[in-house]
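Have the sequence and the 3D view open as you read.

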Amino acid sequence: MKKQNNIALIFFSRNKAEEAKQKSWFKEQSKNQMLAEMLITRASTAIQSSGIPVYHFNEAKQIGNSFGERIANAYQAMFDLGYEQVISVGNDCPDLQNINWIELSQSLQSGKSALGPDTRGGAYLIAIQKKSFDKSQFEKLNWQKNTLYEELSQLCEETTELVELNQYRDINSFHDIRFLSRQKSFTKSFLKLIAQLLQGFKGIAIEFQIKSHNFYIFKDSPLRAPPIT
């Protein structure tokens with residue numbers, strides 16, 4: 001059955017406790033949970049204002065062994081409900097409130113696809129047409145490598161015109177949090193919470209790129225580098 005409103009929005013996000021375990025931004029688990037809750041709340045607020053039906057796929061609703069299987073199954077579930085265009089976002093991009101949801105919806109309704117690139121070769125937003133979706137092909141993409149955006153672009157452009165949104169940084173490491181704390185585009189209340197999390201840290205972050213993974217070494221820091229995922 002075809003939906004009258006043909007667009008659905010997937011919020012692909014674990015709960016704060018599970019997100020904190022997986023990300024390990026800080027040594028202290030209490031800080032990880034606090035940041036996870038902040039990011040989840042911020043993302044949820046942004047997408048609820050979109051005017052698009054939102055479906056939250058937390059860890060209890062995600063089906064599959066790999067990330068690719070889980071995200072592909074989420075898209076398939078939305079297309080099976082009758083939606084013709086499906087958008088997905090996660091909780092780790094704090095800039096979702098900058099998206100023009102009306103323009104994005106119009107692009108999708110005109111038959112286009114859209115991607116939001118992050119700074120590591122991935123995507124913070126994936127908006128595709130049902131006609132572009134091949135479940136088997138979709139789940140086999142290199143979801144946690146820096147070639148993902150290029151692979152998604154090629155996949156979308158095989159059947160549709162692609163709209164590229166602004167590039168934003170996902171918050172996946174302590175280095176990203178430090179970067180976030182220096183941005184002036186966020187509200188004072190949000191930056192104050194970030195500053196509270198960073199209080200007492202005096203180390204210097206040096207970023208290395210090794211085999212498509214980001215490693216962070218903190219000089220004179222009590223914190224450990226984040227694990228490879």
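## Starting in the sheet: β1

Strands β1 and β3 run parallel and are joined by five bridges. Within that pair, L9 sits opposite I87 of β3. On to the other partner: β1 and β2 are also parallel, this time with four bridges, and here I10 faces Y55 of β2. Keep in mind throughout that this is a predicted model.

How many of the residues of β1 are buried? Six of the six are, so the strand is largely enclosed by the rest of the structure. The side chains split by direction, with I7, L9 and F11 pointing one way and A8, I10 and F12 the other, and all of them are buried.

## The whole sheet

Zooming out, β1 belongs to an open sheet of six strands, ordered β2-β1-β3-β5-β4-β6, with mixed pairing. The edges are taken by β2 (54-57) and β6 (162-164); each has a single partner strand, so one side of each has no neighbour in the sheet. On average, neighbouring strands are turned by 20 degrees against each other, direction ignored.

For the chain as a whole, the tally is eight helices and eight strands. It has 229 residues, and 48% of them count as buried. Take the contacts between residues at least 6 apart in sequence: 68% of these join residues at least 24 apart.

## β4 and its two partners

β4 is another well-covered strand, with five of its five residues buried. Which residues sit on each face? S113, L115 and P117 are on one side, A114 and G116 are on the other, and all are buried.

On one flank, β4 (residues 113-117) runs antiparallel to β5 (residues 123-129), and four bridges join the two. Two of the facing pairs can be picked out by eye: L115 stands opposite I126 in β5, and P117 stands opposite A123 in β5. The hairpin of β4 and β5 has five residues between the strands, and G121 there takes a positive phi near 90 degrees. With β6 the pairing is parallel instead, over three bridges, and A114 has V163 of β6 opposite.

## Helices lying across

Helix α3 (residues 67-80) lies across β1 (7-12), β2, β3 (85-89) and β5, and it runs at about 150 degrees to β1. Helix α4 lies across β1, β3, β4, β5 and β6, running at about 35 degrees to β5.

## Two buried loop residues

Now for the loops on either side of β2. I52 is in the loop between α2 (29-48) and β2. Is I52 buried or exposed? Its relative accessibility is 8%, and buried means under 20%, so I52 counts as buried. Leaving out residues up to four places away in sequence, I52 touches I7, A8, L9, I87, W101 and S105. Of these, I7, A8 and L9 are among the buried residues of β1, while I87 is the β3 residue opposite L9.

Q62 is in the loop between β2 and α3. Its relative accessibility is 15%, again under the 20% cut-off, so Q62 counts as buried too. F12 belongs to the buried set on β1. The C-alpha atoms of Q62 and R14 are 9.1 Å apart, though the two residues are 48 apart along the chain.

## The second largest pocket

Last stop: an open space to look into. The second largest pocket has a volume of about 180 Å³. N98, I99, N100, E103, L104, S107, Y124, V163, L165, N166 and Y168 line this pocket. What kinds of residue are these? Six are nonpolar, four are polar and one is charged.

Which element gives the most to the lining? Helix α4 (residues 101-109) does, with three residues. The lining also includes V163, the β6 residue that stands opposite A114.

Conventions
Residues numbered from 1 in each chain as written. Predicted model: local features only at pLDDT ≥ 70, side-chain atom pairs only at ≥ 80, totals over all residues. Heavy atoms only, no water. 1 Å grid on protein atoms, 1.4 Å probe; cavity = no way out; pocket = protein on both sides within 12 Å on 5 of 7 lines; lining within 4 Å. Points joined across faces, edges and corners; volume = space filled by probe spheres on them. Nonpolar A, V, L, I, M, F, W, Y, C, P; charged D, E, K, R; others polar. Pairing = 2+ DSSP bridges. Axes fitted to C-alpha atoms, helices over the stretch in contact; angles between N-to-C directions. Contact = heavy atoms within 4.5 Å. Buried < 20%, exposed > 50% of the residue type's maximum accessible area, 1.4 Å probe, protein only.
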